[in-house]
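Here is a short briefing on one protein chain. Look over the sequence and the model, then read the points below.

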Amino acid sequence: MKNLKKLVFLIVLSPNIQAAPTGADLLEACETSLENGFNGSKGMMCVWYVTPCDCHHGKDSDIPRVCLPDGKEPESLAREVIDGLKLHPELQSESAEVSAGIVLASKYPCD
């Protein structure tokens, strides 16, 4: 039990543990990705959030449903999300998932 308490303490107070990315983190990742061809962890992060799968978002979720049309490229979606986050800077304090969902759902709502 003592070791478990130590582990919990270390996890809670560890400076290396990061919270979920915010809209501001997504903005930075997508801007960087457009410059470097979506390479590295920032590229993967940008693509992950700008190409949401509607299958995970139920009607009780805070994340808006997004239904992307076939053939929509991540580069185009990244630009749309960047523009949306700059136009609505208040979304930058939301989670990356929520902020991307709000921006994309305005253009690609599910019927």
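Helix α2 passes α4 in a left-handed crossing. The model is predicted. The axes of α2 (residues 23–36) and α4 come within 9 Å. They cross at roughly 135°, so α2 is oblique to α4.

**The α2–α4 contact**
- From α2, the contact draws on Gly23, Leu26, Leu27, Cys30, Glu31 and Leu34.
- From α4, the residues are Glu75, Ala78, Arg79, Val81, Ile82, Leu85 and Lys86.
- By class, the residues of this contact divide into eight nonpolar, one polar and four charged.

**Glu80, in helix α4**
- Glu80 sits in α4, which spans residues 74–87.
- Is Glu80 buried or exposed? Its relative accessible area is 13%, and buried means under 20%, so Glu80 counts as buried.
- The side chains of Glu80 and Lys72 are joined by a polar contact of 3.2 Å.
- Setting aside residues up to four places away in sequence, Glu80 touches Lys72, Val103, Leu104, Lys107 and Tyr108.

- Thr51 lies in the loop between α3 (40–50) and α4.
- Its relative accessibility is 30%. Thr51 is therefore partly exposed, as the value falls between the 20% and 50% limits.
- A polar atom of the Thr51 side chain lies 2.5 Å from the backbone oxygen of Val47.
- Beyond its neighbours within four places in sequence, Thr51 is in contact with Leu68, Pro74 and Leu77.
- Which distance separates the C-alpha atoms of Thr51 and Leu104? The value is 9.2 Å, and the two residues are 53 residues apart along the chain.

**The chain overall**
- The protein chain has five helices and zero strands.
- Along the sequence, the pattern reads α-α-α-α-α.
- Of the 111 residues in the protein chain, 31% are buried.
- Among contacts with a separation of 6 or more, 64% link residues 24 or more positions apart.

Methods. Residues numbered from 1 in each chain as written. Predicted model: local features only at pLDDT ≥ 70, side-chain atom pairs only at ≥ 80, totals over all residues. Heavy atoms only, no water. Helix = DSSP H or I, 4+ residues; strand = E, 2+ residues; numbered from the N terminus. Buried < 20%, exposed > 50% of the residue type's maximum accessible area, 1.4 Å probe, protein only. Polar contact = N/O pair within 3.5 Å; in protein donor to acceptor, adjacent residues only side chain to side chain. Contact = heavy atoms within 4.5 Å. Axes fitted to C-alpha atoms, helices over the stretch in contact; angles between N-to-C directions. Parallel < 35°, antiparallel > 145°, perpendicular 65-115°, else oblique. Left-handed = near helix turned anticlockwise from the far one by under 90°. Nonpolar A, V, L, I, M, F, W, Y, C, P; charged D, E, K, R; others polar.
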